[in-house]
Amino acid sequence: MIYALICACRSIRAHPWRNALLICCLALTIACPLTLFVLGKHYQQQMQARTQQTPLIASALGSTIDHILNALYFSNDTHQHTLPWKQFTDARLHDHCHAVPLLTGASYHNLPLIGTSRDYFTLRQLSLQTGTWPLFHGETVVGANCATTLQLTIGDKITCDSNNSFRLATAQPLTLLVTGILEEAHSADDTALFVDIHTSWIIAGLGHGHKASTAQADPALIMDDTLNPSSQNRFHFHGHTENFPLSAILLFPETEKAATLLSARYQSDSQLQIYQPFSEITQLLTIFSPFTIVIALSLVLTALICAVLFVLIFSLTVQMRRSERHSFFILGCSTAFVIRLYATELSLLLLAALICALSVTAFCWSLAPRIEGLI
Amino acid sequence: MITARDLIFRYDTFQLSIPSLTIESGQCLALTGPSGSGKSTLAHILAGILPLQKGCINIGNTALHTLTEPQRRQFRKTTCGFMFQEFALLPWMTVQQNIVMPLASENAVTAPLLDRLHQLAQRCALTDLLGKKPQQLSTGEQQRAILCRALLHEPPYLIADEPTAHLDPQTAAEIRCLLLDECKRLHTTALIITHDHSHLADYDAHLSMLELTV
């Protein structure tokens, strides 16, 4: 057997380019469906894991999927209807349930800037890589990938994107102080920035500050664009806070019973809808499952065609090597030895192709978070 | 000693009938005859490549006609050396790997065997060519390589089918001398098919197919 292996290696080495090409073709044939399957499963699990982490979401009426994408993956859909802050204060009163407010819509370098409360980090089990949690309005913590991409460090000052370019009378973009960088969480939190809900309202133009009095001008006419501990007192909101907007409320009931009671409580609410993101996303994924099956079938068919082509190539090669088999015969080598030699050659080629295919799949798997980012 | 009695081999319209053939032990017998007279067929039958349809062949103590196909393969590999017109050298092996291949497939390559290979290669002026591929060798060098392969296991019997065919006179003479010297040295019983009538005196005996067949 060892001699057959040695001979097989020699035979393969004698035609390096032909065999390398064959291995590449085979490897790609295996790698393509395998990678698609693995990545598909990965994203599906990622999606479901995020929804499983969030038992309930309360949002304004409208498409639940749009609200979920906005609340869990920060799709920054600014056309969503909002909930009044009062709904959050009501939800907070429920026993055995943690409620987290969420306001999306703002951005920094087109990355989502989320207004929330400190509970968000606790309930999402996010920890700080470096720095501190925001203590004052105007402070922000940034996701790990966000910090890397934008090269942000503690103490940096960032000015959020302006979404009111043509409305000169509204608040100008606010400057924020980076106080913390989050640990990588392999979720949408990695590519977002977080501020407290009051800061996000100021960014949205619901509150503003005035510069300290100067000799040149009436301070009431000069807006302050930096919110820090010393300027906090000069910032104020206009209107009733209880009507201020929220994109969604994330609800974390402690028990099944609390979840059921909460769902029942809001079932007939005319302003608010409450739903389980996991079941909504699973329902969405089931819509795609027939397409997945069609894609899987087409890939299996392609693999089958490639396998048939491979068998054809190998049988043609065996035919071409008839004189070689005759040589083995007249030299007295047994038929079993020749079969062993060809089987070993075939096995080595398949093994090499399999190793290449698995390497390609592993490489793509390692790139999955980046690919996810690109998507 | 090689003896054959009442050999009959038929293939399509061709028929080979040999009532009797004897090659004495240690004798180098030259076999001549016109093309198509059955010289190569006889060589293939004696090597156990073609199955015998009728008659009996005894090579030493082995009754070749009683052996099964796998046994005949084993016989070729261990007991009988042969040189055929087709060199049967594998292009993806070096000359050395080709020479030891029949024994290596039996895991029978030992240090003394490799020593013998190097001595034989030296005598055949192949030492520098052992690491080369067959296609890098001239026809004469390839002939020397298959001579090495035929004699490596010091077989008591050798069958050579036109070992000097396609060679220029000088190279043919070199190969012939080498073959006969090695057979003498190893006391090998040899049947050598040749068309070269001018050197029949170099062999111990000479037979024509016309004398052998009926």
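This is a predicted model: local features need pLDDT of at least 70, side-chain atom pairs count only at pLDDT 80 or more; totals for chains, interfaces and linings use all residues.
Residues are numbered from 1 along each chain as its sequence is written, and chains are lettered from A in the order in which they are written.

Let me begin with strand β6 of chain B, residues 80–83, where a strand is a DSSP run (E) of at least two residues and a helix one (H or I) of at least four, numbered from the N terminus. B:Cys80 and B:Phe82 point one way, B:Gly81 and B:Met83 point the other way, and all are buried, meaning that 20 or more other C-beta atoms, placed from the backbone, lie within 10 Å of a residue's own. In a regular strand the side chains alternate between the two faces of the sheet. β6(B) pairs in the parallel sense with strand β7 of chain B, residues 157–161, over four bridges, pairing being called when DSSP finds at least two bridges.

B:Phe82 and B:Ile159 are also among the residues with the most contacts inside the largest nonpolar core, which has 60 residues; such a core is a set of buried Ala, Val, Leu, Ile, Met, Phe, Trp, Tyr and Cys residues joined through C-beta atoms within 7 Å. Helix α5 of chain B, residues 139–151, gives the most to this core, with six residues.

Finally, 12 residues of chain A are in contact with 17 of chain B, contact meaning C-beta atoms, placed from the backbone, within 7 Å. α1(A) gives the most to chain A's side, with four residues.

How values were computed:
A residue is buried if 20 or more other C-beta atoms lie within 10 Å of its own, exposed if 12 or fewer, and partly exposed in between; C-beta atoms are placed from the backbone. Two residues are in contact if their C-beta atoms, placed from the backbone, lie within 7 Å.
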